[in-house]
Amino acid sequence: MKKTNKVLSWLLVFAMVLGIFPFDARANDSEANSVTILFRAQKDGAFLFNQQEITVTDGLAEEYGYTVAAEDHNKEAVGGPTVFDALVAVHKAKYGDDFTKETAGDYLQISSGTLTRAFGQSATSTGYFVNGEMPNDGIAGDHGTTGYMIDTAVLASNDNVDFWFYQDNYWTDYYTFFTETEKTVSAGESFTLTLEGFMALSAMGYEPEAEAINGEDGYITIHSVKPDGSLSEALTDADGEALLIDANGQVTLSFEEAGTYLITANGMEGDFYAPIIAPWCEVTVEPAQQQTAPSEITIVCED
């Protein structure tokens, strides 16, 4: 009898251990399916959502009543938070308590993997990149690789997501970026930014080939981004002339006052005269170091 009780006791302990493990596994799985990314969205040269960190959880779209794909175009299970989940998180961050399960469709809609509404506006002419390119399956075919739909493009921690509304009716918009996205200078110190990019549609299925943006004929101006996402007036040089991207994609500027400036560009690419998708650079301007005059030295000569 004692032996039987001992066996039952061990079985009970074993059952309790088995009951604990699935709970821990679910907790770890939840952590694994939550990622922190950088996200920014823009329309007509201004930002609908300034670049900021957003935490995205797998299944967030379903929580708000959206129907999304369980498998991608290769019949692979979608295993993680997607770009559409990120859009849901962004809308929640932007609209707060106004964005609920009941009102979500007023702001954001999707149909069979195609985005039809975003930020309360028609979104049938929109695009997105993750880390500067279209997410794709990497399988080369006759027409390049196949890109993922917005609800099957899975995100990883520290991904950088760009979302935009096309400005050109023929989708010739140029995706642009500064070669430096962070810059630290002293007040009054001149520095140069270089703007590169490519036609966004050219990267659909193919590796993007970035080149210096020709701003000579397109008249690309430089701006700072305000907290609400709108742009400042064009930044100017010491003579009051608008700072322009040159034919080599470069512009030189400086700031007299210390602070943090979010720098972007606006205008048309010069070769195809196509509108640009705005770039982003965070410039930290530190106070200029004061030069101290050398202290006076008295020399005493003894006879």
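## Salt bridges

Lys-43 is partly exposed because its relative accessibility is 24%, where buried means under 20% relative accessible area, exposed over 50% and partly exposed in between, for a 1.4 Å probe and protein chains only. The model is predicted, so local features need pLDDT of at least 70 and side-chain atom pairs count only at pLDDT 80 or more, while totals for chains, interfaces and linings use all residues. Residues are numbered from 1 along each chain as its sequence is written, and side-chain values use heavy atoms, with hydrogens and water left out.

The side chain of Lys-43 meets that of Asp-44 in a salt bridge, at 3.1 Å from N to O. A salt bridge here is a side-chain nitrogen of Lys or Arg within 4 Å of a carboxyl oxygen of Asp or Glu. By this rule the count comes to three salt bridges. Asp-44 is exposed, with 52% relative accessibility. Another salt bridge joins Lys-183 and Glu-180, whose closest N and O atoms are 3.1 Å apart; Glu-180 is partly exposed at 31% relative accessibility.

## The Arg-40 and Asp-162 pair

Arg-40 and Asp-162 form a salt bridge through their side chains, at 2.5 Å from N to O. Arg-40 lies in strand β1 and Asp-162 in strand β7, so this pair ties together parts that are 122 residues apart in sequence. Strands are DSSP runs of E with at least two residues, helices are runs of H or I with at least four, and both are numbered from the N terminus. Both Arg-40 and Asp-162 are buried.

Strand β1 (residues 34–43) also holds Thr-36, which is partly exposed at 31% relative accessibility. Thr-36 and Ala-156 are 120 residues apart in sequence, and their C-alpha atoms are 7.9 Å apart in space.

## Charges without a salt bridge

Asp-151 is in the loop between β6 (126–130) and β7 (160–165). Asp-151 is buried yet has no salt bridge, and the nearest side chain of opposite charge, Lys-75, is 12 Å away. For charges, Lys and Arg count as positive and Asp and Glu as negative, while His and the chain ends are not counted. The side chain of Asp-151 does reach the backbone nitrogen of Ala-69, at 3.0 Å.

On the surface, Glu-207, Glu-209, Glu-211, Glu-216, Asp-217, Asp-246 and Asp-271 gather in a patch of negative charge. Patches are made of residues with over 30% relative accessible area and no salt bridge, with like charges joined within 9 Å and nonpolar side chains (Val, Leu, Ile, Met, Phe, Trp, Tyr) within 5 Å. The place of a charge is taken as NZ of Lys, CZ of Arg, CG of Asp or CD of Glu. Accessible areas come from the Shrake-Rupley method with a 1.4 Å probe, and for residues only the protein chains shown count as cover. Within this patch, Asp-217 is found in the loop between β11 (211–212) and β12 (221–224) and is exposed, with a relative accessible area of 55%.

## Thr-264

Thr-264 is in strand β14 (residues 259–266) and is buried, with a relative accessible area of 0%. A polar atom of the Thr-264 side chain lies 2.6 Å from the backbone oxygen of Pro-279.

## Positive phi values

Ser-112 has a phi near 50°, a positive value in a residue other than glycine. Ser-112 is in the loop between β3 (109–111) and β4 (114–118) and is exposed, with a relative accessible area of 75%.

Phe-119, also not a glycine, has a positive phi of about 55°. Phe-119 is found in the loop between β4 and β5 (121–122) and is buried, with a relative accessible area of 5%.

Terms used: A polar contact is a pair of N or O atoms within 3.5 Å; within protein, one must be able to donate a hydrogen and the other to accept it, and residues adjacent in sequence count only if both atoms are side-chain atoms.
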